[in-house]
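Subject: Structure for you, with notes

Hello,

Here is the structure for your files. Please open it next to these notes. My findings follow below it.

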Amino acid sequence: MTTGMWSKRTARVLAVIILGFYGLDMLMLGGFNPWTLGLRLVWALSLLGYSAFSSELPEPWARWLEDLHIVVIACSVVGLVGLTGGTRSPYFVLVPVLPLANCLMYRRSARVGLLGGAVSSLGTFALGWMTEHHLFEALFRMSIVLAITMFSTYLAQQVRRTQGSEQEVSLERARRESLELLTVSEHRRAQAEKLAALGRLASDVAHEINNPLAYVGSNVDFVRDALRRPGETSPEELAEVLEETREGLKHIRQVVADLKGFARMDAREPTECALAEVVGDAVKLASLRLKHVVRLRVDVPESLPTVFVVRQRLVQVVLNLLVNAGDALEEHGARDGEVWVRGFGEQGCAVLLIEDNGPGFAPHVLPRLFEPFFTTKGPDKGTGLGLSLSRDLVAQFGGRLTASNRPEGGARLRIELPLGVKELEPRDPGGNVEVGAVRPVL
């Protein structure tokens, strides 16, 4: 058993039992014997002292106290047996049993069992020689105690190993359960933030759908009236109207498909993804919000090596950063607001920069930017979890999300993701990205 195994209550109960058996000593010896009473007092005080101080002492001192405690118990038992008849004492059975008891009760190390067994073996030899006056008899009894000691030590060692294995299995099970709970919690948090993002996009989605829906309805009315008055409208004109209607329906279907793909959280395993495609998906959704607020410009080369991520979650990260940039520019009231998304390779990483020409981050905001529930937006525009979740998701992919202000003014969010073995995008000596013509998206 480990240091401090004995509780004070248990030690007190055992001390009372040890002292209580002094009445049996008096019956065997025919009266009061101060030596047996003294040995029982030493035995009881050893138990009380060990329970009181073993858990409070530093490790080296606790081990010395335990060793002393074992020796005192063994000497007390051997002395008690010697005073009550030696090998013929009814207490003699305690001597060979003592090593086994020590090994089972003090299982921290084999040293405790061997130490107690050594004292018991020597005591057995002394008791046998004093009682029988026969060397062979004394050696035989000592060999029995030694055998019991070795068996007890081996048994205690097996018990320690079994307990250690069970503890490792229990810890591993607890670790796996914790990881599963953490995964579920992270999944739910990401889903909640996605729904919050969709809620913030709701009015823009409605506007994006209502525009084509209005002229689809108008074209249907035109076709209906034309069919009621045959000959007034040429087939070519009807075909043109139906083609416009078809394009409007296709646009509505695409908006709905983009939203469904974004909201779906089926994919949990990372796969190889092209950054240009990820950014493209995010831009489709962000454009519902940004096209009426700012100009969005994207330069993410398709030749960038792939990254190993969960695609939908990286789309969510880019979307969060784009929408945040649009909100900041709208609140600032910038007339010529612009947001840039740039991608390039840098020292084994793929880098995405989301920048704007807004007011940037205030000095007191920047250190707290990624704190959960910290937001400078109103309660109807933000939960304070977007940036915190985005940083956590990027970290899950082995990357890093950082924030800073542009020297020219405005905010800059930088996503770094580890690359594979493909070559990186070239950079000019000054550290700037070599880009081609910037493609205006909106």
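**The loop at Gln347**

Gln347 sits in the loop between β4 (338-346) and β5 (349-356). Helix and strand names follow DSSP runs, numbered from the N terminus: helices are H or I with at least four residues, strands are E with at least two.

Before going on, the ground rules. This is a predicted model, with residues numbered from 1 along each chain as its sequence is written. Local features need pLDDT of at least 70 and side-chain atom pairs count only at pLDDT 80 or more, while totals for chains, interfaces and linings use all residues; side-chain values use heavy atoms, with hydrogens and water left out.

Gln347 has a positive phi of about 50°, although it is not a glycine. Most residues other than glycine have a negative phi. Gln347 counts as exposed because its relative accessibility is 75%. The cut-offs: buried is under 20% relative accessible area, exposed is over 50%, and partly exposed is in between (1.4 Å probe, protein chains only).

**Salt bridges**

Side chains of opposite charge can pair when their charged atoms come close. Here a salt bridge means a side-chain nitrogen of Lys or Arg within 4 Å of a carboxyl oxygen of Asp or Glu. How many salt bridges does a search of the whole structure find? The count is 13.

One of them joins Glu338 to Arg297, with the closest N and O atoms 3.7 Å apart. This pair links distant parts of the chain: Glu338 is in strand β4 and Arg297 is in strand β2 (residues 295-299), 41 residues apart. Are Glu338 and Arg297 buried or exposed? Both are buried.

Leu296 is in strand β2 as well. Its relative accessibility is 0%, so Leu296 counts as buried. The C-alpha atoms of Leu296 and Glu338 are 5.9 Å apart, although 42 residues separate them along the chain.

Next, Glu416. Glu416 forms a salt bridge with Arg400, the closest N and O atoms being 3.2 Å apart. Glu416 lies in strand β7 (residues 411-418) and Arg400 in strand β6 (residues 400-405), so this bridge ties together parts 16 residues apart in sequence. Glu416 is buried, at 15% relative accessible area. Arg400 is partly exposed, at 47% relative accessibility. Glu416 also forms a salt bridge with Arg414, and there the closest N and O atoms are 2.6 Å apart. Through shared partners, salt bridges join Glu346, Arg400, Arg414 and Glu416 into one network.

**Helix packing**

Two packed helices are described by the angle between their axes and the distance between the axes. Axes are lines fitted to C-alpha atoms, for helices over the stretch in contact, and angles run from 0 to 180 degrees between N-to-C directions.

- α3 (residues 34-53) and α4 (residues 59-83) pack at about 160°, with axes 9 Å apart. They are therefore roughly antiparallel (angle over 145 degrees). α3 passes α4 in a left-handed crossing, where the near helix is turned anticlockwise from the far one by less than a right angle.
- α2 and α3 pack at about 160°, with axes 10 Å apart. That makes α2 roughly antiparallel to α3. α2 passes α3 in a right-handed crossing, where the turn is clockwise.

Phe32 lies in the loop between α2 and α3. Phe32 is exposed, at 57% relative accessible area. Its C-alpha atom is 9.2 Å from that of Tyr22, ten residues away along the chain.

**A nonpolar surface patch**

Val13, Ile17, Phe21, Leu24, Leu27, Met28 and Leu29 form a nonpolar patch on the surface, with about 610 Å² of accessible area together. Patch residues have over 30% relative accessible area and no salt bridge, and nonpolar side chains (Val, Leu, Ile, Met, Phe, Trp, Tyr) are joined within 5 Å. Areas come from the Shrake-Rupley method with a 1.4 Å probe, and for residues only the protein chains shown count as cover.

Which helix gives the most to the patch? α2 does, with four residues. α1 (8-20) and α2 (22-29) each supply at least two. Leu29 lies in α2 and counts as partly exposed, at 33% relative accessibility.

**One last contact**

Asn320 lies in helix α10 (residues 311-332). Asn320 is buried, at 4% relative accessibility. Asn320 and Leu389 are 69 residues apart in sequence and 9.5 Å apart in space, C-alpha to C-alpha.

Best wishes

How values were computed. Patches are made of residues with over 30% relative accessible area and no salt bridge: like charges are joined within 9 Å, nonpolar side chains (Val, Leu, Ile, Met, Phe, Trp, Tyr) within 5 Å. Angles under 35 degrees count as roughly parallel, over 145 as roughly antiparallel, 65 to 115 as roughly perpendicular and the rest as oblique.
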